[in-house]
Amino acid sequence: ARCNTFLHGNMIEYVQKMQKLYGNDLVEELKRQKHDGYIFNRSNLEDIIKSLTIQLNDLKEKETTNAN
């Protein structure tokens, strides 16, 4: 909460961490896209839910496998 409340998101440090983790190309692409709008429809959202559900189940399966 400190970063968002008193440091206004601490954007400089956040961007530096993003660049270190994901590379400058991705950070620059995100900056270019930040004002692009996108309107989701029901079908898009259902596809996203299906995809994320599969990913979550895969992660749970890996976690179970690694625990044994």
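Asn44 lies in helix H4, residues 42-67. Helices (H or I, at least four residues) and strands (E, at least two) are DSSP runs, numbered from the N terminus. The model is predicted: local features need pLDDT of at least 70, side-chain atom pairs count only at pLDDT 80 or more, and totals for chains, interfaces and linings use all residues. Residues are numbered from 1 along each chain as its sequence is written, and side-chain values use heavy atoms, with hydrogens and water left out.

Asn44 has 22% relative accessibility and therefore counts as partly exposed; buried means under 20% relative accessible area, exposed over 50%, and partly exposed in between (1.4 Å probe, protein chains only). Leaving aside residues up to four places away in sequence, Asn44 touches Tyr38 and Ile39, where contact means heavy atoms within 4.5 Å.

Buried residues account for 4% of the 68 residues in the chain. The secondary structure comprises 4 helices and 0 strands, in the order α-α-α-α along the sequence.

The axes of H2 (residues 11-22) and H3 (residues 24-33) come within 7 Å and cross at roughly 130 degrees. Axes are lines fitted to C-alpha atoms, for helices over the stretch in contact, with angles from 0 to 180 degrees between N-to-C directions. H2 and H3 are therefore oblique to each other; angles under 35 degrees count as roughly parallel, over 145 as roughly antiparallel, 65 to 115 as roughly perpendicular and the rest as oblique. In this contact, Val15, Met18, Gln19 and Tyr22 of H2 meet Asn24, Leu26, Val27 and Leu30 of H3.

The lining of the largest pocket includes Lys31 and Lys34, and H2 supplies its largest share, 4 residues. A pocket is an open set of points on a 1 Å grid over the protein atoms alone, where a 1.4 Å probe fits, with protein on both sides within 12 Å along at least five of seven lines; lining residues have an atom within 4 Å of a point.
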